[in-house]
Amino acid sequence: MPTVYPPTPPITRRVALAALTTAAASIALWPRKPRSLASTPRGRVIIDYWEKWTGEEAAAIQRVVDLFNASQSRTWVRRTPVSDIKTKAMVAIAGGDPPDVVGLFSFNIPLLAESGAAMALDELATPDTPPSATPYKPAVQRLLSYNGRVWAGVSSCYTLALYYNRSLFRNAGLNPDNPPRTISEFDAASEQLTLQTPTGDIERAGFLHNVPLWWPYFWPTVFGGSLYDHKNAQATIASQKGIDAYAWIQGYPNRLGREATARFATTYARAFHQADDPFFTGRAAMVVQGPWIASFIARQKPDLDYAATPVPVADLLYQADAPLGLVEADVLIIPRGCRHPQEAYDFVRFTQRQDMLELLASLHGKSSPLLNVSPSFTAQHTNRYVSVHDAITASPRADILPQTRVWQQYSDLTISAFQAIWDGADVKSTLQTTEYRAQSLIDHAVALRARRALLKGSGA
Amino acid sequence: MNHVAQSRRDVLRGLAWISPWAIGFLVFLAAPILLSLWYSLTDYTLIERPVWLGLANYRELFADSTFITAVRNTLLFSTLYAAASTVLSLALALLLEQRLRGSALVRAIVFLPTTVPIVSACVTWMWLFNPDFGLINSALHVTGIDGPNWLGDRDWALPSLALMSLWVVGGPLLVCSAALRDVPGTLYEAASLDGVSTIGRFHHITLPMISPALFFNTVMAVIWSVQLFAPPLIMTPRGMEDATTTCSLFIYTNAFFYGRMGYACAAAWLQIAATIALVCTVLALGRKFIYYRAG
């Protein structure tokens, strides 16, 4: 028995008219081109540029983009703010549709370079069009290079410095014009500035390494140690200097109480750069922070009486003219497979001009990545302590993050190690375990890379 | 012949109507599942071609202390959440079935949090859990108890997440309420005539009669809890990762932060296998304890 369907109700004239009217309205209202292209001049090559910054930092880079767009009539850069940018860039590259330029971190370079996902800038350069006409500071040059080639342009660079509350220094009987330079001086100042209730709760922290816990890998640097031996591809966090650094850190919870320090850190874990930032409210007298904090202070607590100085170092390592520090950078990478690599390169070159780098650095409150800076740069800078960061970036003793594709895993291991040490674990054995695990990751990555090279060589 | 042609047309028409779903299923679900099985046997970083490794990823996982910690945390969370969610939803359902004034309003209030986006809920709970300014510790302080550092203490972090997850107990509560209303009143009347106490009636009538609903809630709680992802990602302060890393978080971190997609796929397959094993265990136990009414 075949299926019998009920008769379809007839379409009335009213229904047909309504459907036609809706269709006509939809066609009339349908945009002829994407809204993002509405303000794009005709006939230009569109360069898609993904950048991680939002807010004022995004507005700053947009000024550079606008200046580029106004400087010529061939190319138009369209900036898109993208969160979790590395992940999305990797997915876009894997999907064969990457942006033309992507703003990443310098520690992303090894993975992208080894996997062939980024284009080396010398591939696109000619003798007349080098990536940058002016030389970078040596540490920045090292950050942009990997295996002898330059893989990125720099958009900004940063170092960490000690920011301290001058009023609290004065109130505690310390001289705010003579901040601590060595670990001994630093410990003494921190102790004087710390206030605890009779029950042990921290009312005001002189200094705590986990407020905020953003750079748990930084501390060996101020003891002259390093995280990585680039020459031999060896993790070195458990060197004697590393052990000294983390043993020094452990002294703080030992003195002030683990429970009390953990409580203080958790209370403010999400407050940084907000109105209730413990440094802005005077509940932390000293913090280690990047240069951007000046912009946040200007916005959240403009009357804060503060100053900045290089992070104090182990007593025997102090040199006034060569501070120790760690340099990191935001970089511009051209993904392989992008639609307009040559135009993207032209844009990256434009951003590397001294005036553009100084404009962005000034608006971000950061130091210049270039070896030479114009006289007006420091004088007109938004961060009045930019010279502190500049001195660290330019210092011959400035170090950079390990250039290995497993840095992010290594970095996460240092977080666990830091926390374990803070909680009272044995420093030496914790660091040795961390080093062992980091080395396993490095060796694994090296072995896989060799295997890939072998397969490539055999044409498989 | 005409009949056969008509049936074939019906089949083709049916296939055409379900084709959007079928194509979507094949392209966006079946194919990625099969691909992930292949990737789990390779070194794959998303931006490089996969290189065959065999079972090396699986061997590495069994020796990876972070993965073992993630499995342990997931099982602990799952046990805590499944038990607490089942008991709490039953207790609330029993209370709300007492026909007290305002019980309908309370039921709506209990169900309301299930409509709140997870990120908003997490941020709210982070404030509630704040050791110094949080509402929970402030309330405890009034009663003379010094509240713990909920999210910042290794021992408390995971139980805190389980506690927070009970916020969405509204779903299981509705299932329990429906089951309670389905218990025939005649059974209670007969038990009362026989002089059975309230506890006896709960034990011998209510629990067996609603056991399929409790079982359903438990299975769903287990399946949901082994996939825990957003709360530890959002709420865990830096340095506490070991205490709250779950399998899903481990997979996400390896796939997208570390660029180890092949390794993450292997972990995902182990998670699927473990989830199936866990649910099978619950089903096997269920056969022993669940009472299904005839008809």
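I looked up Glu60(B) in this predicted model and noted that, at 23% relative accessibility, Glu60(B) counts as partly exposed. Its partner in a salt bridge is Arg260(B), with an N to O distance of 3.1 Å. I then traced where the two sit: Glu60(B) is in helix 2 (residues 56-63) of chain B, while Arg260(B) is in the loop between helix 13 and helix 14 (261-289), so that the pair links parts of the chain 200 residues apart. Arg260(B) counts as buried because its relative accessibility is 12%, which is under the 20% limit.

Asp330(A) lies in strand 14 (residues 325-333) and Lys52(A) in the loop between strand 1 (45-51) and helix 2 (55-71), 278 residues apart, and both residues are buried.

I also checked Lys137(A), which forms a salt bridge with Asp390(A) at 2.9 Å between the closest N and O atoms. This pair joins the loop between helix 5 (121-124) and helix 6 (138-144) of chain A to helix 15 (residues 386-394), across 253 residues. Lys137(A) is buried at 1% relative accessibility, and Asp390(A) is buried at 17%.

I turned to the interface and recorded that about 3,600 Å² is buried between chain B and chain A, with carbon and sulfur atoms giving 49% of that area. On the chain B side, Ile47(B), Arg238(B) and Tyr258(B) lose the most area to chain A, together 21% of what that side buries. The contact takes 46 residues from chain B and 44 residues from chain A. I counted 6 salt bridges between the two chains, and looked at the one in which the side chains of Asp132(B) and Arg263(A) meet at 3.5 Å, N to O. Helix 1 of chain B gives the most to the side that touches chain A, with 4 residues.

I looked at Val27(B), which is in helix 1 (residues 2-39) of chain B and is partly exposed, with a relative accessible area of 45%. Val27(B) belongs to a nonpolar surface patch of about 870 Å², whose members include Trp21(B), Phe25(B) and Ile33(B).

Last, I placed Tyr246(A) in helix 9 (residues 240-256) of chain A, where Tyr246(A) counts as buried at 1% relative accessibility. Among the residues that Tyr246(A) touches beyond four places in sequence, I noted Pro216(A), Ile237(A), Phe418(A) and Leu431(A).

Definitions and conventions: Residues numbered from 1 in each chain as written. Chains lettered and ligands numbered in written order. Predicted model: local features only at pLDDT ≥ 70, side-chain atom pairs only at ≥ 80, totals over all residues. Heavy atoms only, no water. Buried < 20%, exposed > 50% of the residue type's maximum accessible area, 1.4 Å probe, protein only. Contact = heavy atoms within 4.5 Å. Patch = residues over 30% accessible without salt bridge, like charges linked within 9 Å, V, L, I, M, F, W, Y side chains within 5 Å. Areas by Shrake-Rupley, 256 points an atom, 1.4 Å probe, with all protein chains shown as cover. Salt bridge = Lys/Arg side-chain N within 4 Å of Asp/Glu carboxyl O. Buried area = accessible area lost by both parts, 1.4 Å probe.
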